[in-house]
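Then we'll walk through it piece by piece.

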Amino acid sequence: MLLLFSFHMNPTSSEDLRKIPDNNPFDATAGYRSLTYEEVLQELVKHKELLRRKDTHIRELEDYIDNLLVRVMEETPSILRVPYEPSRKAGKFANS
């Protein structure tokens with residue numbers, strides 16, 4: 001299910017924003033109507049910084065996974081086979 005939100009509002013002042021009814025639970029702007037323009041800008045800056053930090057963290061995780069995969073491919077590529085078939089060399093002892 002795809003929900004599309006339209007933001008074709010052109011209020012002339014912050015007072016006009018506050019007059020818009022809050023009855024739509026899917027309205028992404030509802031939580032910001034009581035804020036001043038400066039407060040909305042502060043929220044925007046805060047969210048942009050949070051997004052930048054998350055992007056950096058995701059990049060670090062991707063690099064870690066890439067490096068880990070290269071190490072696995074170099075050391076034990078057999079564990080990447082589908083389906084995985086463990087070899088007896090990988091620390092298994094023969095049953096006596």
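## Starting with Glu43

In which helix is Glu43 found? Glu43 is found in helix H2. Glu43 has a relative accessible area of 24%, so this residue is partly exposed. (For these labels, buried means under 20% relative accessible area, exposed means over 50%, and partly exposed is in between, using a 1.4 Å probe and protein chains only.) Glu43 and Tyr32 are 11 residues apart in sequence, and their C-alpha atoms are 9.3 Å apart in space.

Before going on, a word on where this comes from. This is a predicted model, in which local features need pLDDT of at least 70 and side-chain atom pairs count only at pLDDT 80 or more, while totals for chains, interfaces and linings use all residues. Residues are numbered from 1 along each chain as its sequence is written, and side-chain values use heavy atoms, with hydrogens and water left out.

## The overall picture

The chain has 2 helices and 0 strands. Here helices (H or I, at least four residues) and strands (E, at least two) are DSSP runs, numbered from the N terminus. Helix H1 covers 14-19, and helix H2 covers residues 37-75.

Of the 96 residues in the chain, 3% are buried. The chain exposes about 9,200 Å², and carbon and sulfur atoms supply 59% of that. Accessible areas like this one come from the Shrake-Rupley method with a 1.4 Å probe, and for residues only the protein chains shown count as cover.

Now for the loop between helix H1 and H2, where you'll find Arg33. Why does Arg33 count as buried? Because its relative accessibility is 6%.

Arg33 has a partner: the side chains of Asp27 and Arg33 meet in a salt bridge, 2.3 Å from N to O. A salt bridge here is a side-chain nitrogen of Lys or Arg within 4 Å of a carboxyl oxygen of Asp or Glu. Searching the whole structure turns up 4 salt bridges.

Glu49 and Arg52 meet through their side chains at 2.5 Å, N to O. These two are 3 residues apart in helix H2, so about one helical turn separates them. Glu49 also forms a salt bridge with Arg53, this time at 3.6 Å, N to O. Because Arg53 and Glu49 are 4 residues apart in helix H2, they too are separated by about one helical turn.

Put together, Glu49, Arg52 and Arg53 are linked in a network of salt bridges. How open are its members? Glu49 is partly exposed at 32% relative accessibility, Arg52 is partly exposed at 45%, and Arg53 is partly exposed at 47%.

Which residues form a negative surface patch? They are Glu60, Glu62, Asp63 and Asp66. Asp and Glu count as negative and Lys and Arg as positive, with His and the chain ends not counted. The place of a charge is taken as NZ of Lys, CZ of Arg, CG of Asp or CD of Glu. Patches are made of residues with over 30% relative accessible area and no salt bridge, joining like charges within 9 Å and nonpolar side chains (Val, Leu, Ile, Met, Phe, Trp, Tyr) within 5 Å. Asp63 sits in helix H2 and is partly exposed, at 45% relative accessibility.

There is a nonpolar patch as well, of about 450 Å², made by Leu69, Met73, Ile79, Leu80 and Tyr84. One of these, Ile79, is in the segment after H2. With a relative accessible area of 37%, Ile79 is partly exposed.

The peptide bond from Val82 to Pro83 is cis, with omega near -10 degrees.
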